[in-house]
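Me: I am new to this structure. Please pick one spot, look at it closely, and then show me what lies around it.

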Amino acid sequence: MLRPLVNCCVCCEDARHIAMQWIAPSEKDIVTATLEKRLWDAADQFRANSGLKAQEYSGPILGLIFLRFAEVRFAAQRTKLEQAGASSRRGSRVDDPGAYHAAGVLFLGPESRFDYLLTQPESSSLGSFVNSAMREIEKHNPTLAGVLPKTYNLFTGTLLKELLKTVSEIPATVDFDAFGRIYEYFLGEFARTEGQKGGEFYTPSSIVKLLTEIIEPFHGRILDPACGSGGMFVQSARFVAEHKKNPAAELSICGVEKTDETGRLCRLNLAVHGLEGDIRHGGNVNSYYDDPHAATGQFDFVLANPPFNVNAVDKERLAGMVGHDSRGNPRRYPFGVPKTDNANYLWIQLFYSALSAKGRAGFVMANSASDARSSEQELRQKLIEARAVDVMIAVGPNMFYTVTLPCTLWFFDRGKAQSKRADTVLFIDARHIYRQVDRAHRDWTPAQLSFLANLVRLYRGESPDLTVGGAETAAKLADVFGAQPAYADVPGLCKAATLKDIEAQGWSLNPGRYVGVAPGEEVSDEDFKTQLEALNEELEGLNAQARELEKTIAANVAGILGA
């Protein structure tokens with residue numbers, strides 16, 4: 001239940017605040033969890049017996065899970081075509097790839113199916129048969145050209161045959177969401193195995209789902225310029241499907257991913273879910289310098305989890321992308337370039353500048369960006385004064401698979417400037433709303449997630465959407481906001497702060513400054529490091545100013561004495 005924490009005191013001049021706490025009991029889908037574990041145990045045999053690194057065996061394993069999912073959808077469509085052919089004078093279209101593509105289903109030739117692959121002997125050539133199957137799939141489905149893994153010859157016939165058998169036993173009755181969960185489970189497990197890489201973290205589905213619930217991507221063009229394996233796109237499609245629409249018809253998907261292998265994985269993930277997208281990946285494509293989708297002002301939605309605190313960006317290469325052009329139109333970095341060696345505010349501006357006049361963005365960002373000083377504070381002030389920042393949500397630790405750091409979710413709405421909330425920003429503290437999945441990991445239940453999203457809807461003056469969360473969400477909204485829910489500030493949970501409030505806090509976008517800092521809240525090592533770097537940078541700037549003032553004063557004194 002939602003209940004206040006007692007003995008919560010915020011120091012300095014702030015009033016006392018109460019932190020809302022809603023810790024849900026852990027729940028587990030036993031059937032799917034058992035299946036996930038059995039599949040992972042089989043995959044783990046590759047690690048134990050092949051001597052390969054995770055990045056070498058993860059792609060091929062995901063390729064087989066993809067094949068099983070594709071085959072289930074293919075078989076269902078084939079049955080429909082057989083039934084239609086039996087009553088049609090034009091004859092059957094069961095072997096026509098176009099009849100499958102029209103339904104958003106991949107066509108699989110006879111030698112690309114599990115029953116054929118499973119009849120092959122456990123010999124050294126089994127990998128070649130699987131490689132050929134992948135090539136055959138790409139041949140009949142051009143959108144997958146160059147995407148599927150073809151390194152199955154690296155594995156012994158015995159290992160590969162065992163994995164084929166295990167994956168083929170995924171029940172055909174498992175529904176779309178369960179297949180997606182299995183795929184996302186593997187992406188998460190491989191991310192956990194490979195660990196943290198340069199500030200990049202696999203984004204858990206509950207965080208992505210909250211992003212989509214708040215920006216509401218019902219229809220339009222959607223961009224992720226740091227798209228990774230494509231989780232933002234999949235959840236956007238799921239949001240559309242939950243509202244009884246066809247995602248393939250409603251969304252136009254565009255992404256950028258600098259790593260070629262991950263870009264292929266994104267395209268594969270889209271195909272697993274019956275989606276297509278324009279994903280630019282590999283080569284030298286880099287979202288700081290390159291704009292392959294000519295994004296400025298063109299997108300209805302932006303979703304992203306960019307790498308945090310990237311340094312060594314070549315700012316000289318950005319010179320022609322800063323400010324406004326001769327006609328006053330904004331460029332990619334309309335507010336300027338930060339003086340610090342940190343790319344957070346480059347990403348933030350990329351998300352802002354890609355939005356259309358009424359576009360919305362939701363993205364994950366390091367906590368330090370909310371309070372960063374010096375040139376970053378100046379950029380943040382310009383962003384706030386542009387009336388684009390809509391909602392800020394503080395998220396607690398242990399929500400990610402590979403790191404414990406807390407984070408902040410940012411939401412832009414370019415249409416907000418023409419609304420009644422133009423001069424306010426909604427701050428939410430969600431650090432004490434979670435479900436403890438296991439000792440090291442947390443997520444949100446559907447009801448918790450829906451409660452947070454509907455809190456935002458109430459702030460926007462919209463009616464609650466109970467598609468997710470249902471009656472439990474309705475009950476929580478009634479508990480907190482009354483029988484006929486209407487937005488109100490709730491100490492320790494949410495605060496609609498005015499621009500004057502924000503200016504008084506040094507243009508900070510840290511929810512804790514407005515909602516109240518929770519008692520006993522621990523600062524992570526990562527967060528402490530970035531905060532310390534920001535403070536040190538500010539101190540260096542102040543010291544430099546002090547030295548300049550000393551010189552000026554000394555020169556003035558010398559002038560007076562010598563006069």
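Reply: Helices (H or I, at least four residues) and strands (E, at least two) are DSSP runs, numbered from the N terminus. Residues count from 1 along each chain as its sequence is written, and side-chain values use heavy atoms, without hydrogens or water. The model is predicted: local features need pLDDT of at least 70, side-chain atom pairs count only at pLDDT 80 or more, and totals for chains, interfaces and linings use all residues.

The spot is Asp429. Asp429 sits in strand 10, which covers residues 424-429. Its relative accessibility is 2%, so Asp429 counts as buried (buried means under 20% relative accessible area, exposed over 50%, partly exposed in between, with a 1.4 Å probe and protein chains only). The side chain of Asp429 makes a polar contact of 2.6 Å with that of Arg431. A polar contact is a pair of N or O atoms within 3.5 Å; within protein, one must be able to donate a hydrogen and the other to accept it, and residues adjacent in sequence count only if both atoms are side-chain atoms.

Now look beyond the sequence neighbours. With those within four places set aside, Asp429 is in contact (heavy atoms within 4.5 Å) with Ala394, Gly492, Leu493, Val515 and Gly516. Across the protein chain, 72% of contacts between residues at least 6 apart in sequence join residues at least 24 apart.

Asp423 lies in the loop between strand 9 (407-413) and strand 10. Asp423 forms a salt bridge with Arg387, the closest N and O atoms being 2.9 Å apart. Arg387 is in the loop between helix 13 (374-385) and strand 8 (389-395), so this pair, 36 residues apart, links distant parts of the chain. A salt bridge is a side-chain nitrogen of Lys or Arg within 4 Å of a carboxyl oxygen of Asp or Glu. Arg387 has 27% relative accessibility and therefore counts as partly exposed. Asp423 is partly exposed too, with a relative accessible area of 39%.

Next come Arg421 and Asp413. Their side chains meet in a salt bridge of 2.8 Å, N to O. Both Arg421 and Asp413 are buried. They belong to one network, in which salt bridges that share partners join Glu213, Glu216, Arg360, Asp390, Asp413, Arg421, Arg457, Arg460 and Glu462. The structure holds 25 salt bridges.

One more is within a helix. Asp260 and Arg264 form a salt bridge at 2.6 Å, N to O. They are four residues apart in helix 11 (residues 260-272), which means about one helical turn separates them. Asp260 is partly exposed at 32% relative accessible area. Arg264 is partly exposed at 26% relative accessibility.

Outside four places in sequence, Ala354 is in contact with residues including Leu223, Ala295, Gln298 and Phe299. Ala354 and Ala294 lie 60 residues apart in sequence, yet 8.6 Å apart in space, C-alpha to C-alpha.

Helix 9 is mostly covered, with nine of its 12 residues buried. Phe233, Arg238 and Phe239 are among them. Just after helix 9, Lys244 takes a positive phi of about 65 degrees.

Last, the whole. The protein chain has 18 helices and 13 strands. Of its 563 residues, 52% are buried. Asp429, where we began, is one of the buried residues.
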